[in-house]
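Please study the structure before reading on.

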Amino acid sequence: MYTQVNRAILWLLRGDTFEMGGEVGDTMPVHAVDIGSFYISRGPISNIQFEAFEANFLRHHRSAGDDDPAVGLSFHQATAYANWYAKLSHKAFRLPTEAEWEFAARAMGVARYPWGEDPTAGGPFAWTSENSGEHCHPVDTPKPSKAGLFGMLGNVSEWTASAYRPYPTTAEDGRDDPSGTEERVVRGGSIDDSVHQLSCAARGHRPPGTTGELIGFRIVRAL
């Protein structure tokens, strides 16, 4: 059955120590985090991929194509998909932690954006309010980052497994336990955001039952 469902393409990221955070608000302080190697879906989970799990899923009118991202999903729905996919594949898939997400977004760099420091250079890499036409686009567009990933910024915001808490983060502080009831971190921004509002470090947060119209997710598997 696993080989018969529409599956996300997975991309291997080699672990490393990176500088997480930024210089403003809740992104401070910048702090070093050790990340192990992991697979991550190359783009957000698409409508047709999510429908293999939930056949009656209602596509959002701003993201209606087969390969457009599945949006309007709560943290609980995203987690349920990851759990289902783990059982189907017999591998430990889950949502990315906030640290894993930022590590992936930074594309082995330290710049504000996956493509560098210049927001005006983001057109080929991110669907934002400047170039999206107010609708979502396929999960394997536009151009991939240096790390080989699509849409880490723009297109749709993405749930992470992590509770929204102040920095610094540590592996032992419990924030990455998906069973908690705290608000969860949402990352990446969407087609409604200007590229100037986005960054690899920017943090959003929502109650886990929220079904924001432009929130989707991707999955990971640690090695």
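Buried means under 20% relative accessible area, exposed over 50%, and partly exposed in between.

Q: Is Glu213 buried, exposed or partly exposed?
A: This is a predicted model. The relative accessible area of Glu213 is 36%. A residue is buried under 20% and exposed over 50%, so Glu213 is partly exposed.

Q: With which residue does Arg62 form a salt bridge?
A: A salt bridge requires a side-chain nitrogen of Lys or Arg within 4 Å of a carboxyl oxygen of Asp or Glu. For Arg62, the closest N and O atoms of the pair are 2.9 Å apart. The partner of Arg62 is therefore Glu213.

Q: How many residues apart in sequence are the parts that Arg62 and Glu213 tie together?
A: Arg62 lies in the loop between helix 1 (47–51) and helix 2 (75–89). Glu213 lies in the loop between strand 7 (204–206) and strand 8 (215–216). The separation in sequence is 151 residues.

Q: Which residues are joined with Glu98 into one network?
A: Glu98 also meets Arg203 in a salt bridge, at 2.7 Å from N to O. Salt bridges that share partners join Glu98 into one network with Glu102, Arg106, Arg187 and Arg203.

Terms used:
Residues are numbered from 1 along each chain as its sequence is written. This is a predicted model: local features need pLDDT of at least 70, side-chain atom pairs count only at pLDDT 80 or more; totals for chains, interfaces and linings use all residues. Side-chain values use heavy atoms; hydrogens and water are left out. Helices (H or I, at least four residues) and strands (E, at least two) are DSSP runs, numbered from the N terminus. Buried means under 20% relative accessible area, exposed over 50%, partly exposed in between (1.4 Å probe, protein chains only).
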